[in-house]
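Hi,

Here is the structure I promised to pass on. Have a look at it first, and then read on for what I found in it.

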Amino acid sequence: MKKRLFALVIAVIVFCFSLTGCTENIKDLFDFADSIIEEIANDSDYIAMSCEELTTLDNSELCYAVTIRLWNKTDPVAETFDEEIKMLNEKERLFFCVNEYLMEIENGGLLQFFCNHGDFIAPLLNDYLEEIGATQHKKLFEDFVKSNKIDLENLDAFRTSDSDKYIRLSEEYNFDEFDNSFCELTSLEEYLGEFIKNNIEYFS
């Protein structure tokens with residue numbers, strides 16, 4: 001729904017540009033709008049796939065497809081992250097949480113994860129990483145938390161909108177070192193993809 005609205009906004013902008021006679025960069029806008037529409041079509045295909053069809057995807061695409069399916073399940077109803085989680089079964093919840101951890105780190109690092117959804121996910125993470133067989137990821141996370149004496153039940157110290165404090169936290173806890181080590185490990189998508197295939201009946 002959000003992407004459909006976004007595509008509509010882009011289309012309106014393109015239309016307004018055409019009315020004003022301003023053609024500079026209009027081709028780029030059209031191309032961008034086309035790419036959004038194509039992505040929406042692809043997402044619809046993922047939502048319509050059977051479990052058997054899902055298992056034919058490579059692990060990276062499978063993770064994306066399941067993410068789209070879970071968003072399609074929760075977005076129309078849930079208004080908060082907690083509400084989204086409660087709508088999922090046990091296997092979906094594991095995937096959702098570990099995938100959220102992965103996406104946050106890939107986007108902005110472990111500190112960003114702690115700032116955003118860490119309060120709910122972080123206390124569950126070690127068990128979830130163990131369950132999918134990502135033992136090196138588990139050790140990396142455990143060692144970082146232990147060496148920095150971080151209380152996973154209370155991450156308020158890391159939640160800030162102040163850019164200066166964010167930089168200080170990043171340097172104080174050496175999050176960059178963790179993020180670099182994380183990127184050197186086998187992607188969590190590989191573990192999550194195999195987890196989905198082994199529990200495909202829970203992702204229908």
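Let me start with a question: which residues are buried in α12? They are Leu-188, Glu-189, Tyr-191, Leu-192, Gly-193, Phe-195 and Ile-196. What these buried residues of α12 pack against is α4, α6, α8, α9 and α11. Glu-194 and Gly-133 are 61 residues apart along the chain, yet their C-alpha atoms are separated by 9.7 Å.

Before going further, please keep in mind that this is a predicted model.

Now the overall picture. The chain has 12 helices and zero strands. Of its 204 residues, 42% count as buried. If you take the contacts in the chain with a separation of 6 or more, 65% of them are between residues 24 or more positions apart.

Next, the core. The largest nonpolar core has 52 residues. Tyr-101, Leu-110, Phe-114, Ile-132, Phe-141 and Leu-188 are the ones with the most contacts inside it. Two or more residues of this core come from each of α4 (59-74), α5 (81-86), α6 (90-108), α7 (110-115), α8 (118-131), α9 (135-147), α11 (175-184) and α12 (188-198). The largest share, eight residues, is from α6. As background, nonpolar side chains tend to be buried together in soluble globular proteins.

If you leave aside its neighbours within four places in sequence, Phe-114 is in contact with Ala-122, Phe-141, Phe-144, Ile-150, Leu-152, Leu-155, Phe-158, Arg-159 and Phe-175.

On to α11, where the buried residues are Phe-175, Phe-178, Asp-179 and Phe-182. These cover an arc of only 95° around the axis, so they sit on the same side of α11. Asn-180 and Glu-184, on the other side of α11, are exposed. Among the elements that cover the buried residues of α11 are α6, α7, α9, α10 (163-172) and α12.

How do α9 and α11 run, and what meets what? The two pack at an angle of about 175°, with their axes 11 Å apart. An angle over 145 degrees counts as roughly antiparallel, and therefore α9 and α11 are roughly antiparallel to each other. From α9, His-137, Leu-140, Phe-141 and Phe-144 meet Phe-175, Phe-178, Ser-181 and Phe-182 in α11.

Two loop residues are worth a look as well. Lys-149, in the loop between α9 and α10, has a positive phi of about 55° although it is not a glycine. At 74% relative accessibility, Lys-149 counts as exposed. Asn-174 is in the loop between α10 and α11, and its phi is near 55°, again a positive value in a residue other than glycine. Asn-174 counts as partly exposed, at 36% relative accessibility.

Last, the cysteines. How many disulfides does the structure hold? It holds zero. Cys-63 is buried, with a relative accessible area of 1%, whereas Cys-183 is exposed at 62%.

Cheers

How values were computed. Residues are numbered from 1 along each chain as its sequence is written. This is a predicted model: local features need pLDDT of at least 70, side-chain atom pairs count only at pLDDT 80 or more; totals for chains, interfaces and linings use all residues. Side-chain values use heavy atoms; hydrogens and water are left out. A disulfide is a pair of cysteine sulfur atoms within 2.5 Å. Buried means under 20% relative accessible area, exposed over 50%, partly exposed in between (1.4 Å probe, protein chains only). A nonpolar core is a set of buried Ala, Val, Leu, Ile, Met, Phe, Trp, Tyr and Cys residues joined through side-chain atoms within 4.5 Å. Helices (H or I, at least four residues) and strands (E, at least two) are DSSP runs, numbered from the N terminus. Contact means heavy atoms within 4.5 Å. The arc is that of the directions from the helix axis to the C-beta atoms. Axes are lines fitted to C-alpha atoms, for helices over the stretch in contact, and angles run from 0 to 180 degrees between N-to-C directions. Angles under 35 degrees count as roughly parallel, over 145 as roughly antiparallel, 65 to 115 as roughly perpendicular and the rest as oblique.
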